[in-house]
Amino acid sequence: MRQDAEAVAARQLRLRLYLGGQASWFICLGIQFVIFPFLVTQVLHEPAARVGIAQMSLMIPSLLFMLLGGTVADHGDARRILIRVHLFATVPPLVLAAVFLTDNLTYTSLIVYALVMGTLGAFAIPARDSALTRVAGTNIQQAVTMAMGVQMGSQLVGMLFAALASITGTPALLIFQAIVMLAGFWASARLEPLPPTNTASAANRFVQIADGIRSAAATPIVATVIALNFAVGLFYVGSFLVVLPLMLRDVYQSTPAEFTRDFAVINICFWGGTIIANLALFRVGHIRHRGRVMMASLTSGLIILALFHFHMPFWLLCLLILWWGIGAGTTMTMGRTIVQVAASESHRARVLAAYQLGFSGGAPLGSLMMGILVGWLGIFDAVLVPATIMIGILALLYFVTPIWTYRAESQ
């Protein structure tokens, strides 16, 4: 009895430390989510296409390194990886703060910052995702929902801090970002070692990556969710990252002082919606038809994107983004749960990396695409393009994949 109590206490401590490290990372991501487009659009006043390229630079490393990150996580100690990425991630915001303070901020310096942070994220995400199953134990859907809730809540906290940039100043906020990242380093260092669950492989990294891709493709529901994730990154995330900052600047005429506040409000609405979705999912518990829930959420997303075609008051825009966030939170939780359950233990990090790559690979391409479309068609007409394409994608997946008929019997 005592041993059982000690085991439960140890598991709870592991989970708290794990979630603490995750909270640290995503608080910093929330700050970055607001400050980076502020620097691009309001400080440097870059045109739409260059805004798209800058946002793409944050995510393009995932396209290049996410599968490698999954392979490293499958064959390495996840704790050690998390310690290193948290430590290294303290450096870029400190350097950017120094560059800003010395009036040397350039478009190139922001691109370098974006590429470095994106590369660190490509190794952090697979290690964190693969560790969740071992840290949490049983009831994967509940653990994923809890982790997603912490992730989204932490991003929300980071955005609230970023909204204070007009008071604190950008350099102070970047220094604070580095301090929070150090807190994640401390939490990760206190975790017990999380060695690989499979034996070391003599195969080179490319063979291991190919093996992970084959494992993901061999399971139809996993392959379908990855394809959906790519579409989300390409058509939804790209629109969010490019259209909304440009909308604030060019449609709502936000001044530099107002931009961080207004963009933080938009992000708070979106990520607040994801938190609402996760609280509801946590309350509901086990959901069998996860694929159908994903499809319904993605359908609501394309409707909202199409509504951005119309000029509306800022408060109505915020309400639509809140609705969008509820759908996004549902989609992310259901998709990640499907993959966590369906992936084999020996390939889980690589399959989860492929899942994340679908999202991260589509997002930079979507950012570039939307930057070009906005410059060509204007903001209000550009949003109709991804909304229309998503209608066809969802219809195709409904008829040719198992997403609609998929049923989860447990977990």
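1. Of the 411 residues of the protein, 56% count as buried, where buried means under 20% relative accessible area, with a 1.4 Å probe and protein chains only. This is a predicted model, in which local features need pLDDT of at least 70 and side-chain atom pairs count only at pLDDT 80 or more, while totals for chains, interfaces and linings use all residues. Residues are numbered from 1 along each chain as its sequence is written, and side-chain values use heavy atoms, with hydrogens and water left out.

2. The secondary structure comes to 16 helices and 0 strands, helices being DSSP runs (H or I) of at least four residues and strands runs (E) of at least two, numbered from the N terminus. Among contacts with a separation of 6 or more, 88% join residues 24 or more positions apart, a contact meaning heavy atoms within 4.5 Å.

3. The largest nonpolar core has 112 residues, of which Tyr 236, Phe 308 and Ile 321 touch the most other members; such a core is a set of buried Ala, Val, Leu, Ile, Met, Phe, Trp, Tyr and Cys residues joined through side-chain atoms within 4.5 Å. Helix H10 (residues 220–250) supplies the largest share of this core, 19 residues.

4. Leaving aside residues up to four places away in sequence, Ile 321 touches Phe 240, Leu 244, Ile 266, Cys 269, Phe 270 and Phe 308. Cys 269 itself counts as buried, at 17% relative accessibility.

5. The structure holds 0 disulfides, a disulfide being a pair of cysteine sulfur atoms within 2.5 Å. The closest cysteine sulfur to that of Cys 269 lies in Cys 318, at 4.2 Å, which is too far for a bond.

Note on methods
Buried means under 20% relative accessible area, exposed over 50%, partly exposed in between (1.4 Å probe, protein chains only).
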